Amino acid sequence: GGGGVRGGRGEKERGGRGERRGEGVTEDGKERVGGRVREGRGGRGGKGRVARGSEDGRVVYSSGRDAIWTPTLNRAFTLIHPRWESPWLATLFLAVPSALLSLSGSLEELTSFTVLLLLLIYLVVAACALCSRVLRRDREHPYRMPLWPLPALLAVSGAAWLLVTLLREASLRDLLIILGLLAVSVTLYSTHGRLSPTFQKL
């Protein structure tokens, strides 16, 4: 009983001293230190979430399997590691840029770029769905969606509006990266993906 009382009193005393220390830091105008610590924790968490985008290497593997890239890249992205049984080159293709982006700027810059990239992806996917249904009306489409084409039209208009709005405040680096990715994607699709017999059978 006595030990418990002493233990409880000690905890209260330690807690009181801790609170007083905290108050002293605040009174001295140094609460920004805590803010920096919280920012650092949030930065590590945010960058970790972006870095885990390398798990989407399976998407690159699937694109190589469907022969969207050049023949050399298709073979590389579908190469399976003999020990780990995973598409290691396809994973590195996304892991290396993700790691560089995680280390190249602040959490705010990283978040801004990620949002822009995701909006561009949503816009392109919705636009491609519309074009596919219009330009390939003679082909059977395996997927159906209620109220079509309203969802795709809403996705295109919403993503385009948000993308244009955010691009006005984006940095020059973000603009150049996104335009570069878009140019490379259109070029590869026009020269290889669109002409690929494997991809056309999908």
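Is Phe93 buried or exposed, or does the residue fall in between? Phe93 is partly exposed, with a relative accessible area of 38%. Here buried means under 20% relative accessible area, exposed means over 50%, and partly exposed lies in between (1.4 Å probe, protein chains only).

This is a predicted model, in which local features need pLDDT of at least 70, side-chain atom pairs count only at pLDDT 80 or more, and totals for chains, interfaces and linings use all residues. Residues are numbered from 1 along each chain as its sequence is written, and side-chain values use heavy atoms, with hydrogens and water left out.

## Overall make-up

The protein has nine helices and zero strands. Helices (H or I, at least four residues) and strands (E, at least two) are DSSP runs, numbered from the N terminus. Of the 202 residues in the protein, 19% are buried. The accessible surface comes to about 14,700 Å², and carbon and sulfur atoms hold 64% of that surface. Areas come from the Shrake-Rupley method with a 1.4 Å probe; for residues, only the protein chains shown count as cover. Among contacts with a separation of 6 or more, 64% join residues 24 or more positions apart. A contact means heavy atoms within 4.5 Å.

## Aromatic cluster

The structure holds three aromatic pairs. Rings of Phe, Tyr and Trp (its six-membered ring) pair if their centres lie within 6.5 Å; planes under 30 degrees apart count as stacked, over 60 as edge-to-face and the rest as tilted. Trp69 and Phe77 form an edge-to-face pair, because their ring centres are 5.2 Å apart and their planes stand at 75 degrees. Phe77 and Phe93 form a tilted pair, with 4.9 Å between centres and 55 degrees between planes. Phe77 lies in helix α4 and Phe93 in helix α5, so this pair ties together parts that are 16 residues apart in sequence. Trp69, Phe77 and Phe93 form one aromatic cluster. Trp69 and Phe77 are buried. For Phe77 the relative accessible area is 4%.

Helix α4 (residues 71-77) also holds Asn74. Asn74 counts as buried, at 11% relative accessibility. Beyond its neighbours within four places in sequence, Asn74 contacts Ser63, Gly64, Ala67, Ile68 and Trp69.

## Cores

A nonpolar core is a set of buried Ala, Val, Leu, Ile, Met, Phe, Trp, Tyr and Cys residues joined through side-chain atoms within 4.5 Å. The largest has nine residues: Phe113, Leu116, Leu119, Leu120, Leu123, Ala159, Leu163, Ala170 and Ile178. Helices α6 (107-135) and α7 (150-167) are the elements that give two or more residues to this core. The most come from α6, with five residues. Leu119 touches Ala159, Leu162, Leu163 and Leu166, residues up to four places away in sequence not being counted. A second, separate core has five residues, including Val60, Phe77, Ala90 and Leu188.

## Surface patch

Leu79, Trp88, Leu92, Val96 and Leu100 make a nonpolar surface patch of about 450 Å². Patches are made of residues with over 30% relative accessible area and no salt bridge: like charges are joined within 9 Å, nonpolar side chains (Val, Leu, Ile, Met, Phe, Trp, Tyr) within 5 Å. Trp88 lies in helix α5 (residues 88-104). Trp88 is partly exposed, at a relative accessible area of 33%.

The structure holds two salt bridges. A salt bridge is a side-chain nitrogen of Lys or Arg within 4 Å of a carboxyl oxygen of Asp or Glu.

| Salt bridge | N to O distance |
|---|---|
| Arg65 – Asp66 | 3.5 Å |
| Arg173 – Asp174 | 3.7 Å |

Asp66 is buried, at 16% relative accessibility, whereas Arg65 is partly exposed, at 49%. Asp174 is buried, at 3% relative accessibility, whereas Arg173 is partly exposed, at 35%.

Which residues does Phe199 contact, leaving aside its neighbours within four places in sequence? They are Asp66, Ala67, Ile68, Tyr189 and Gly193. Phe199 and Asp66 are 133 residues apart in sequence and 5.3 Å apart in space, C-alpha to C-alpha. Phe199 lies in helix α9 (residues 197-200). Phe199 is partly exposed, with a relative accessible area of 23%.
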